[in-house]
Amino acid sequence: GGPHAMLWLALALAALAAGAAGAGPKAARRPPTCAAGGGGASCAAGNPGVLDERRVFGLLRQLLAGAGTFSRRLLQLKALDRSNPAAGLGVFARRKLKGGEVLIEVPLSHALWRETADPGALGVELPPGALLAEAERLVLCLAVLRRRAERGEADASPFAPYAKTLLAGPAPNSTVFWGVDELAWLRGTDAGELSSHFLSRVAHVHSIVPLAAELEELKVAFAQFNVRHFRMWLGGSAFYPGRVEAVMVPGADLFRPKEGGIKPQFDTARRTIRLVAAAPARAGDELFADFGPRDLSDLLVGRGELGPSSASVFLPVPLDTDSNGPAKGRLLEHFRWPAEVRLVGDEVRELRALRLAAMPREEFSAWSVGALAAGAPLAVSRAFRTEVQAHAYLLSECSRRVASLEARRLPEPRSLGGAAGERLQVARAYAQALISAYSRCRTRARDRLRKLRAWAARQPAWAHTYVEEALLRAEDQQPPVKDPRQPRLLPIEPPPHVDPGNLDQRLDYATTVSLVNSRAQDFVPYFIEVLREPASSVEGFRDVTQRLQKARRLASAIVQLKGPACGAVDLSAFDWVNGLRGEEDVFATLKYLLPEMEDLVKEFAELEQTGDAPTWR
């Protein structure tokens with residue numbers, strides 16, 4: 001509660017409002033190529049190039065302490081560009097490799113994941129009730145480890161050697177380092193949504209433990225985590241046997257990412273993570289690891305570049321078209337299907353996920369879903385409505401996105417120079433790549449619907465009418481210029497009635513904004529009314545501090561209910577609160593809504609732990 005804590009909070013809020021590096025004294029102290037936007041596709045993290053191959057191998061052996069494998073007989077590390085240390089290191093085959101050879105083996109206890117990422121062990125004390133997702137805990141631990149390694153501080157953590165190896169690689173030039181005006185170039189796109197979401201999460205971590213690491217250090221740690229972690233099954237848990245974990249594997253994350261590269265494997269008997277050569281390789285060949293699928297938006301947000309011309313574009317599938325949406329979402333999770341289709345050239349992949357999401361209630365049956373899951377071909381007559389609705393969605397959604405992108409006006413490249421000019425060129429190339437991908441998808445969907453219409457002409461009259469109406473609705477739709485997927489968010493700057501000298505008020509406001517903007521956007525309209533009212537006549541809400549405290553508790557309860565601890569409860573039944581206006585209605589509702597939500601948290605958390613959670617939610 002002293003002046004130093006106030007200063008840290010003010011800096012955190014100011015940095016989030018600025019939205020990027022390059023503003024203020026912190027940017028000057030952090031890696032300059034990241035903060036200033038230089039360094040091309042990547043930026044220096046710590047002192048890249050200082051750690052040579054021998055030093056990196058030595059640190060990995062120190063970390064593994066004989067419990068794992070990272071063999072210099074098989075692998076070698078080489079600078080990708082000796083004239084540019086920021087380019088980082090690559091992993092190459094030292095000799096001819098055979099398929100099936102174990103390249104790396106790391107025990108689970110030596111990997112950074114849910115069970116080993118402990119902020120308390122690093123001296124970071126989380127406040128009571130702190131809500132940090134597992135990925136946020138990993139980023140926090142990574143930032144603290146990197147901070148100590150950069151400063152040469154004594155560190156008894158078993159992951160201290162690993163932190164030093166991270167300094168040998170570059171921190172990607174993620175869009176979390178872009179300025180507010182630069183992020184505006186991505187508004188209305190998936191990259192813009194991801195950037196806003198990640199900035200909110202980083203700021204949320206910093207607001208909880210502002211003295212553990214600077215905001216810029218958390219951004220660097222997040223950028224490195226974002227492109228270097230794997231998502232894989234590590235044995236699950238008691239309540240989630242099929243749980244997929246985020247994990248950073250020392251040594252394995254030195255490989256450059258490439259879809260189709262070497263995939264990590266979990267050895268259940270040895271409790272180790274392995275990287276095994278999937279195919280023979282010649283001496284001197286660079287080896288790549290598969291960190292999971294990445295589309296154009298992921299590449300731009302994560303690395304500040306668009307990657308190869310063959311990179312795909314993800315398009316989310318609609319899960320809100322009918323009352324079966326929650327059930328379809330659970331089926332996607334059960335089958336481990338992605339909740340999006342992939343646009344690759346003229347091809348649309350993962351159509352089975354779209355067919356499941358678009359399946360109307362007339363055809364939503366165990367037989368149809370089972371056929372999709374088995375990969376069995378469905379005759380058009382058996383899934384006619386599903387096929388029509390799936391391609392009608394592609395046509396209307398791609399048309400809307402093309403219209404939204406074409407309506408945007410970006411500055412001319414010659415109007416800006418330096419790092420801002422490079423980022424503008426990337427933003428323009430990204431927009432053109434999206435327009436091209438969506439246009440090809442639109443053409444393919446229109447052709448498919450016309451073929452369905454021709455087939456329906458030989459069927460009963462209702463079939464022809466059904467596809468004709470779907471085609472007309474999709475083609476005649478007038479897409480809004482403003483993309484409705486861009487959510488309305490709570491303002492970062494507190495309103496005038498929040499006392500800037502009251503630390504409790506500012507912390508409660510900042511925490512509420514972070515929680516709602518990142519994980520409870522469905523309730524933004526209601527929280528706007530709660531936070532902007534300067535006074536209230538409702539008993540228990542007349543004091544500003546009490547109002548902000550209760551708003552934070554409500555946001556916390558909503559986030560817990562929507563999270564895995566409570567089984568992802570569907571809160572759509574409470575959407576009516578978004579229509580409330582006026583301080584009396586808003587706070588009278590909050591008076592009764594808060595205890596009800598907190599009781600629901602306890603109830604669903606207990607049910608989830610016992611495995612008795614209802615399936616209807």
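Glu-350 is partly exposed in this predicted model. Its relative accessible area is 27%. Glu-350 sits in the loop that links strand S15 (347-349) to helix H12 (351-358). Its phi is positive, about 60 degrees, although Glu-350 is not a glycine. Most residues other than glycine have a negative phi.

**Positive phi**

- Arg-336 also calls for a check of its backbone: phi is positive at about 55 degrees, and the residue is not a glycine.
- Arg-336 is found in the loop between helix H11 (325-335) and strand S14 (340-344).
- Is Arg-336 buried or exposed? Arg-336 is exposed, with a relative accessible area of 53%.
- The cut-off for exposed is over 50%, so the 53% of Arg-336 qualifies, whereas the 27% of Glu-350 falls in the partly exposed class.

**Helix pair H15 and H16**

- Two packed helices are described by the angle between their axes and the distance between the axes.
- Helix H15 covers residues 418-456, and helix H16 covers residues 461-476.
- Their axes lie 8 Å apart, and the packing angle is about 160 degrees.
- Angles over 145 degrees count as roughly antiparallel, therefore H15 and H16 are roughly antiparallel to each other.
- The crossing of the two helices, H15 and H16, is left-handed.
- Which residues of H15 meet H16? On the H15 side they are Arg-446, Leu-449, Arg-450, Leu-452, Arg-453 and Ala-456.

**Four-stranded sheet**

- An open sheet is built from four strands, in the order S2-S5-S11-S10.
- Pairing in this sheet is antiparallel.
- Strand S2 (69-70) and strand S10 (264-267) are the edge strands, and each pairs on one side only.
- Strand S5 (residues 102-107) and strand S11 (residues 272-276) run antiparallel and are joined by five bridges.
- What is the bridge partner of Val-106 in S11? The partner is Ile-273.

**Whole chain**

- The protein chain has 617 residues, and 51% of them count as buried.
- Its secondary structure comprises 20 helices and 15 strands.

How values were computed. Residues are numbered from 1 along each chain as its sequence is written. This is a predicted model: local features need pLDDT of at least 70, side-chain atom pairs count only at pLDDT 80 or more; totals for chains, interfaces and linings use all residues. Side-chain values use heavy atoms; hydrogens and water are left out. Buried means under 20% relative accessible area, exposed over 50%, partly exposed in between (1.4 Å probe, protein chains only). Two strands pair if DSSP finds at least two bridges between them. Axes are lines fitted to C-alpha atoms, for helices over the stretch in contact, and angles run from 0 to 180 degrees between N-to-C directions. Angles under 35 degrees count as roughly parallel, over 145 as roughly antiparallel, 65 to 115 as roughly perpendicular and the rest as oblique. A crossing is left-handed if the near helix is turned anticlockwise from the far one by less than a right angle, and right-handed if clockwise. Contact means heavy atoms within 4.5 Å.
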